Amino acid sequence: MTTVRQARKLVLSLLLLPALCAHANPGNGVAIAIHGGAGTISRAEMTAEREAAFRAKLTEAVTAGHQVLIEGGDGVDAVRTAINILEDSPLFNAGKGAVFTAAGTNELDASVMDGATRNAGAVAGVKHIRNPIDLAISVMNDSKHVMLSGDGAEAFAREQGFEMIDPSYFYTEHRWKALEKAREGERDAAASLAEPPKQTFFSTVGAVALDANGDLAAGTSTGGMTNKRWGRIGDSPVIGAGTFADNASCAVSATGHGEFFIRWVVAYDICQRVAHGASMTEAAGTVINDVLVEAGGTGGVISLDANGDIAMPFNTEGMYRASIDTDGKLYVGIYGDE
Ligand code: ASP
């Protein structure tokens, strides 16, 4: 399938050659940004060891994704490479270390979008897939659909040769304690639906990339929200809300209170502002710090446009984030003042 996809891209590139020549990606500069979630991240509650572990894992993931781009790999492969490293780490709420549902299970969501073709793939509520971003990419490349959910998504995964793993793989003590804390604080099911979730629950992962062809890509992977029930799905697998990429505007991956990101169509709104002339920084900053704040939605995004401009705004205390820009400059940040 990769070959078919590459052939399709080649034909598209040839057809678009005049436009690509005018493409604003001087020197074929590649760029990548990643996040590991936004929320209440205070220095006071962070140990030096834990902070060092976060910074090291963010650096490892962004560097690995960047290496794919340097070697001529496409944006989707860079996104997959970076996200796989974050999914495999117990530090983040995706893959290993995903949060628990009210039933004590892990239900994972992921999505990906290819800015060159506007192809996209997503999975929601899967329970036996080690790296949900890989399944989202397979939905994009190997099916006629964009979004598959639950048992059906896993039936598709089996057909594609994915290993079905035992859910005990996702367990971490840290997330189990978070569920117990959430249960204690919950008065009844109706109250838990009405109350806004604590910001500490956010730690989805995501990546956006600009490859040497000037193609953008975005991907997001998450366990969703602690104590979620009724098959709740957030913004992460929803194209336009938690993930969006289009070469004509930008690539975005979000993290935060998903219900707001869905209703305010955050990723698409940011890219539409870029399409209508706003800079990457203005577009992402306005949506996160003005529109969402006014709406009462907390969270942040990583975003990247076709010039390689990166913006990573958040309206929470911190967001785990890292980037390597078109000059090859590495940035890693956690708190709001760095
Ligand atoms: N946006 C995710 C969701 O609502 C949560 C997060 O970013 O941590 O499922």
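**Figure 1. D337 is an exposed residue with a relative accessible area of 57%.** The model shown here and in the following views is predicted. The side chain of D337 meets that of R43 in a salt bridge, with a distance of 3.0 Å from N to O. R43 belongs to the loop between β1 (31-39) and α3 (48-70), whereas D337 belongs to the segment after β12 (330-335), so the pair ties together parts that are 294 residues apart in sequence.

**Figure 2. R130 and E163 form a salt bridge.** The closest N and O atoms of R130 and E163 are 3.8 Å apart. This pair links distant parts of the chain, 33 residues apart. R130 is found in the loop between β3 (119-126) and α5 (132-142), and E163 in the loop between α6 (150-159) and α7 (173-184). R130 is partly exposed, its relative accessible area being 31%. E163 is exposed, with a value of 53%.

**Figure 3. A salt bridge joins the side chains of K177 and E173.** The N to O distance of this pair is 3.0 Å. Where do K177 and E173 lie? Both residues are part of helix α7, where they are four residues apart, about one turn of the helix. K177 counts as partly exposed at 48% relative accessibility, and E173 is partly exposed with a relative accessible area of 48%.

**Figure 4. E51, R55 and E338 are linked in a network of salt bridges.** This view shows the side chains of E51, R55 and E338. How many salt bridges does a search of the whole structure find? The search finds ten.

**Figure 5. C250 and C271 form the one disulfide that the structure holds.** A disulfide is a covalent bond between the sulfur atoms of two cysteines. In this view, the sulfur atoms of C250 and C271 are 2.2 Å apart. The angle about the S-S bond is -105 degrees, and the link of C250 and C271 is left-handed. Are the two cysteines buried or exposed? C250 counts as buried at 0% relative accessibility, and C271 is likewise buried, with a relative accessible area of 0%.

**Figure 6. Helices α4 (residues 75-88) and α5 have axes that come within 9 Å of each other.** Two packed helices are described by the angle between their axes and the distance between the axes. Here the axes of α4 and α5 cross at roughly 155 degrees. An angle over 145 degrees counts as roughly antiparallel, so α4 is roughly antiparallel to α5. Which residues meet in this contact? On the side of α4 they are V76, R80, I83, N84 and E87, and on the side of α5 they are P132, I133, D134, I137 and M140. By class, the contact has six nonpolar, one polar and three charged residues.

**Figure 7. R118 has a positive phi although it is not a glycine.** The phi value of R118 is about 60 degrees. R118 is placed in the loop between β2 (108-114) and β3. At 42% relative accessibility, R118 counts as partly exposed.

**Figure 8. V265 is a residue other than glycine with a positive phi.** Phi of V265 is near 40 degrees. V265 lies in the loop between α9 (258-263) and α10 (266-275). Its relative accessible area is 36%, and V265 is therefore partly exposed.

**Figure 9. The protein as a whole comprises eleven helices and twelve strands.** This view gives the setting of the close-ups. Of the 338 residues in the protein, 54% are buried. Among the contacts in the protein with a separation of 6 or more, 69% are accounted for by residues 24 or more positions apart.

Technical notes:
Residues numbered from 1 in each chain as written. Predicted model: local features only at pLDDT ≥ 70, side-chain atom pairs only at ≥ 80, totals over all residues. Heavy atoms only, no water. Salt bridge = Lys/Arg side-chain N within 4 Å of Asp/Glu carboxyl O. Helix = DSSP H or I, 4+ residues; strand = E, 2+ residues; numbered from the N terminus. Buried < 20%, exposed > 50% of the residue type's maximum accessible area, 1.4 Å probe, protein only. Disulfide = S-S within 2.5 Å. Axes fitted to C-alpha atoms, helices over the stretch in contact; angles between N-to-C directions. Parallel < 35°, antiparallel > 145°, perpendicular 65-115°, else oblique. Contact = heavy atoms within 4.5 Å. Nonpolar A, V, L, I, M, F, W, Y, C, P; charged D, E, K, R; others polar.
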